[in-house]
Amino acid sequence: MTTQQTLPKTEMVSNAAERFDNLSPAELIEHAVRNGEGQLAENGALACDTGEFTGRSPEDRYIVKDEITADAVWWGTINIPFDTDKFDSLHRKMLDFLAGKRIYTRYAYAGAHPDYRLKLEVINTLAWHNLFCHNLFLRPKPEELNGFKPDFTILCVPEFKANPAEDGTRNENFAILNLSRNMILIGGTAYAGEMKKGIFSVLNFKLPTERATLSMHASANKGQKEDTALFFGLSGTGKTTLSADPQRQLIGDDEHGWAEEGVFNFEGGCYAKVIDLSAENEPQIYRAVRFGAVLENTKFQEGSRAIDYTDRSKTENTRVAYPIHFIENALEPSVGGIPENIFFLTADAFGVLPPISKLTPGQAMYHFISGYTAKVAGTEVGVTEPQTTFSACFGAAFLPLHPTRYAEMLGEKMAKHQTNVWLINTGWNGTQKRIDLKHTRAVISAALNGDLAKVDYQNHAFFGVSVPQSCPEVPNEVLNPEKSWKNQGEYDKQAKRLAELFRENFRKYEEFANDEIRAGGPVKA
Ligand code: ATP
Ligand code: MN
């Protein structure tokens, strides 16, 4: 990958009062506690607050528009252009701001496959951020640190606030990617996920354009028969939860590349939601919350250091970041083969989509381009209309290029390898409750172990997808969501509404789609 640096990077921060390079987790935890950045939970995890921002701020994420990006990036509300000069002056201001301060730096990799990896340099002011990067990015071996020449720098200074009038930002907080300077500047927010998703966006630019390699917002795991599976899905649909499977080796929970030889993780750790986390439902993730892991925005039970996973007072988006080997059966290096099965995860709050259905190649492309999920808006399904999200490729927020670039690459790969594609609804049905996690796990296992190759299917009346009519350990009324509704008319009404929303959303992609893909959409409305 090309490296073109005009501004010195770590060396420039030499005006910092104190600098700690590549500290171990134990050292960073001591620093974080001494600095008042966090507290130890009784299980040993470090509990921190992200402050005002408890999630990413997509509207304050920019890409510098220059020679490299001007014609390649799909500019708009997702990829907001930023001026090179403004970037450079903001960078200088941030470096000045660091004078006399303490910094934590780290060398890391993004990309488990050595041929496709990016060498990272991270500069933090918070020890816990540096621990987050230790956990989430790949950790070079000690000998690999000799002569380590970074390709890309993350400068993350939450205490530094931009002056919008002067700096060209919308707000005081910002995350700005510069593909020429090979640098990400983050300020005004302490949400650690900005660092991880910033690098993801960089790889989503570089891999397709420079390496003809597909990048994906998906989790991955591998079975005992060496079969690889991918799980695409928007936030909260179950990528992390469902890729952690005691029967299969975890490759990664969020970001992967698909090269000629197979898939590889971009990261060295996981970033799991912990709201309502329980040992019973998610034993592997529950056990990963321990010394070395970083918790975000959780609270302790009154008068103790026991984590209260049910507490939503700071945010619903409570998280834990841990290195991948905290999951017992993780695969290292995190590299898999050519996927045999692909799951598109969606949390359908209309209660319409079956927990599992099989897609034709045309339907697979249609659903990939649509990238649907939803949230329950009020308290009851069917009372207030759910809030829908259609995010192309199940991750448009992180994709600098036009979605059709990724869709075409995936389409070619799926056709070449005859991949099975399944649509999984991890959301709701007519019972007003979220589909039981054990039923979701059962339908996925049945797809993976071949059980669903032997059963009868029926085409869904509205979406045309093939719905298995039996599956071990899953009751028939769960497999067919219309049976979970008290009133068939109500189901039809919801299904019709959802089909309409799909059609409306797809209009903007119509011109890019062939007949096969168009026919993959709803069959009745
Ligand atoms: P992100 O991209 O934000 O990391 P994600 O796709 O990894 O999101 P998860 O972290 O796996 O999403 O979140 C799924 C959440 O939904 C978890 O809190 C999980 O416990 C809960 N859940 C409830 N029912 C189900 C189900 N049937 N299938 C999957 N997850 C479920
Ligand atoms: Mn996840």
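Modeller: Here is a walk through that part, residue by residue.

This is a predicted model, in which local features need pLDDT of at least 70, side-chain atom pairs count only at pLDDT 80 or more, and totals for chains, interfaces and linings use all residues. Residues are numbered from 1 along each chain as its sequence is written, chains are lettered from A and ligands numbered from 1 in the order in which they are written, and side-chain values use heavy atoms, with hydrogens and water left out.

Start with the record. An unreviewed UniProt entry places a "binding site" at Lys197, His217 and Asp254. UniProt positions are given in the numbering used here, feature names are shortened, and annotations may be inferred rather than shown by experiment. The three residues span 58 residues in sequence, yet no two of their C-alpha atoms are more than 10.2 Å apart, so they gather at one spot. Of these residues, His217 is in the lining of the largest cavity. On a 1 Å grid over the protein atoms alone, a cavity is a set of points where a 1.4 Å probe fits but cannot get out; lining residues have an atom within 4 Å of a point.

Take Lys197 now. Lys197 sits in helix H5, residues 193–211. Helices (H or I, at least four residues) and strands (E, at least two) are DSSP runs, numbered from the N terminus. Lys197 has a relative accessible area of 12%, so it is buried. Buried means under 20% relative accessible area, exposed over 50%, partly exposed in between (1.4 Å probe, protein chains only). Beyond its neighbours within four places in sequence, Lys197 is in contact with Arg56, His217, Asp254, Glu255 and Phe398. Contact means heavy atoms within 4.5 Å.

His217 belongs to strand E11, residues 214–222. His217 is buried too, because its relative accessible area is 6%. Leaving out residues up to four places away in sequence, His217 touches a set of residues including Lys197, Phe231, Lys239 and Asp254. The side chains of His217 and Asp254 make a polar contact of 3.2 Å. A polar contact is a pair of N or O atoms within 3.5 Å; within protein, one must be able to donate a hydrogen and the other to accept it, and residues adjacent in sequence count only if both atoms are side-chain atoms.

Strand E11 also holds Asn221. Asn221 is buried, at 0% relative accessibility. Its side chain makes a polar contact of 2.8 Å with the side chain of Arg248. A polar atom of the Asn221 side chain also lies 3.2 Å from the backbone oxygen of Ser243.

Next comes the ligand. Ligand 1 has 19 residues around it, and Ser235, Lys239, Thr241, Glu282 and Arg319 come nearest. A residue counts here if one of its heavy atoms lies within 4 Å of the molecule. A polar side-chain atom of Ser235 is 2.5 Å from an oxygen atom of ligand 1. For Glu282, a side-chain N or O atom is 2.6 Å from an oxygen atom of ligand 1. For Lys239, the corresponding distance is 2.7 Å.

Finally, Arg319. Arg319 lies in strand E20, residues 319–323. Arg319 is buried, with a relative accessible area of 12%. Among its contacts, leaving aside neighbours within four places in sequence, are Tyr191, Ser235 and Tyr271.

Technical notes. 1 Å grid on protein atoms, 1.4 Å probe; cavity = no way out; pocket = protein on both sides within 12 Å on 5 of 7 lines; lining within 4 Å.
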